[in-house]
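Hi,

Here's the structure I promised to pass on.

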Amino acid sequence: MCDGSYRKDLIMNTAKEKSREEIMVFQDVELQKLLHYLNNNSPYYKNQFAINKIAVDKIKTVADLTLLPVTTKDDLHAHNWDFLCIPKKEIVEFCSTSGTLGNPVTIGLSEKDLQRLAFNEYNSFVTAGITSLDTIHLMLSLDRQFMAGIAYFLGARMLGAGIIRGGPGNFAMQLETISRLQPTVLVAVPSFIMSLVTYAKDKNIDLNSTSVRKIICIGENIRDEHLKLNALGERIANNWNVTLFSTYASTEQQTAFTECQCGNGGHHQPELLILEILDEANMPLPAGEFGELTITTLGVEGMPLLRYKTGDVCAYINEPCKCGRTTMRITPIIGRKKQLIKFKGTTLYPQSLFNILNTIESIEDYVIEVTQNDLGLDNLTIHIAFKLENERDFSQIGQLLQSALRVLPAIKILSLADIHKMQLGDGKRKVNRFIDFR
Ligand SMILES: [Zn+2]
């Protein structure tokens with residue numbers, strides 16, 4: 001198990017000791033190690049290097065990455081087990097992606113990978129100023145091959161904090177647990193927190209008198225691309241006097257980006273990932289320009305990834321953070337490349353619709369649906385469940401969408417039960433508010 005010793009010598013993110021130059025030198029060395037490791041152990045990359053006539057000895061620095069092909073989600077999906085670099089019997093934990101786009105991909109972790117995963121969330125907690133004196137209430141699934149659950153659990157173990165495995169859902173139970181066990185930190189999906197706030201209000205429970213001081217928000221944005229709290233973030237902040245921390249992570253990269261107390265973008269962990277933001281031609285973009293987040297894993301034994309295109313669009317921030325860490329940060333993900341909607345002459349990501357719909361108090365929940373017509377054009381329908389029957393305020397929603405998007409999608413009113421049915425269709429693990437039939 002994790003004894004806290006995993007790469008403690010390399011804690012750049014938390015120790016604030018390493019300069020940019022030291023980080024660059026470290027990453028160049030780690031990259032060369034990775035390329036040799038892949039060439040010796042990865043059936044997929046061995047084949048790629050052969051096909052593309054790549055001599056791994058020639059790749060010396062992170063800047064040389066552009067000489068290598070990228071890896072796409074489709075590659076990982078089509079050749080999932082060819083990415084495995086260890087004998088299958090050495091896998092100690094099988095995690096899978098949620099399959100938001102297509103079928104799930106399995107990521108097999110070795111013992112060392114599990115320690116790396118723990119170290120990654122240990123670092124995340126430290127970045128958010130959380131210590132061994134905190135009690136962390138995990139409001140997320142620890143089963144169903146969900147990586148984040150086990151990652152936060154192991155990270156909290158490494159930190160030496162108290163852990164409450166609250167699981168997802170069940171407002172009454174979560175509030176009872178908070179009052180009984182006095183956690184100081186929650187790890188949760190922000191839209192669940194918003195619903196918890198509403199539930200507590202209905203029951204006359206004062207959340208500000210609870211022990212909770214910080215919430216690590218996973219799976220959804222609480223900020224916009226300018227790092228300002230979005231509607232969801234603001235609604236939580238206005239109702240609960242806690243510090244919110246935005247995060248970004250994916251199963252494939254086995255690493256999280258977590259904000260520090262400055263709330264200025266998710267800090268990169270350079271000991272665990274090489275980060276590139278790529279344009280359409282797979283060339284790196286400079287700081288501040290939005291492109292596809294592309295990662296190369298460092299220190300992964302089971303299924304390391306080289307130039308893996310996450311499909312998520314963001315920009316990186318290069319100015320040093322006020323917290324003193326030298327690492328780069330990333331903006332919230334403004335959308336998934338595949339989810340870009342082209343509707344009546346405008347282009348938008350589902351996230352911008354989420355941001356608008358989350359500002360409307362009378363909406364209980366919703367689903368955005370995109371289909372494609374015979375002409376190859378996108379059709380957009382927003383399915384809405386209202387909180388109260390008499391609050392079906394069409395005109396307000398119409399006006400808000402029209403002014404924000406300059407176009408008006410179709411709006412359909414459904415019961416909350418029907419919305420929930422749509423969100424969890426096909427037995428998906430995650431609540432899905434964007435359904436893409438294209
Ligand atoms: Zn910072």
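In what sense do strand β19 and β20 pair, and over how many bridges? They run parallel, with 4 bridges between β19 (residues 378-386) and β20; T381 sits opposite A410 of β20. Strands here are DSSP E runs of at least two residues and helices are H or I runs of at least four, numbered from the N terminus, and a pair needs at least two DSSP bridges.

Before going further: this is a predicted model, where local features need pLDDT of at least 70 and side-chain atom pairs count only at pLDDT 80 or more, while totals for chains, interfaces and linings use all residues. Residues are numbered from 1 along each chain as its sequence is written, and side-chain values use heavy atoms, leaving out hydrogens and water.

Back to the sheet. It is open and mixed, with 4 strands in the order β20-β19-β18-β21. β20 (410-413) and β21 (434-436) are the edges with a single partner strand each, so one side of each has no neighbour in the sheet.

Two helices pack on this sheet. Helix α11 (residues 394-405) touches β18 (363-372), β19 and β20, contact being heavy atoms within 4.5 Å. Helix α12 (residues 416-423) touches β18, β19 and β21.

Elsewhere, 7 of the 7 residues of β12 (residues 308-314) are buried, so the strand is largely enclosed by the rest of the structure (buried: under 20% relative accessible area, 1.4 Å probe, protein chains only). β12 pairs antiparallel with β11 (residues 291-297) over 4 bridges and with β15 (residues 335-336) over 2. V313 is the bridge partner of E292, and G335 in β15 is that of V313.

Cheers

Conventions
Axes are lines fitted to C-alpha atoms, for helices over the stretch in contact, and angles run from 0 to 180 degrees between N-to-C directions. Buried means under 20% relative accessible area, exposed over 50%, partly exposed in between (1.4 Å probe, protein chains only).
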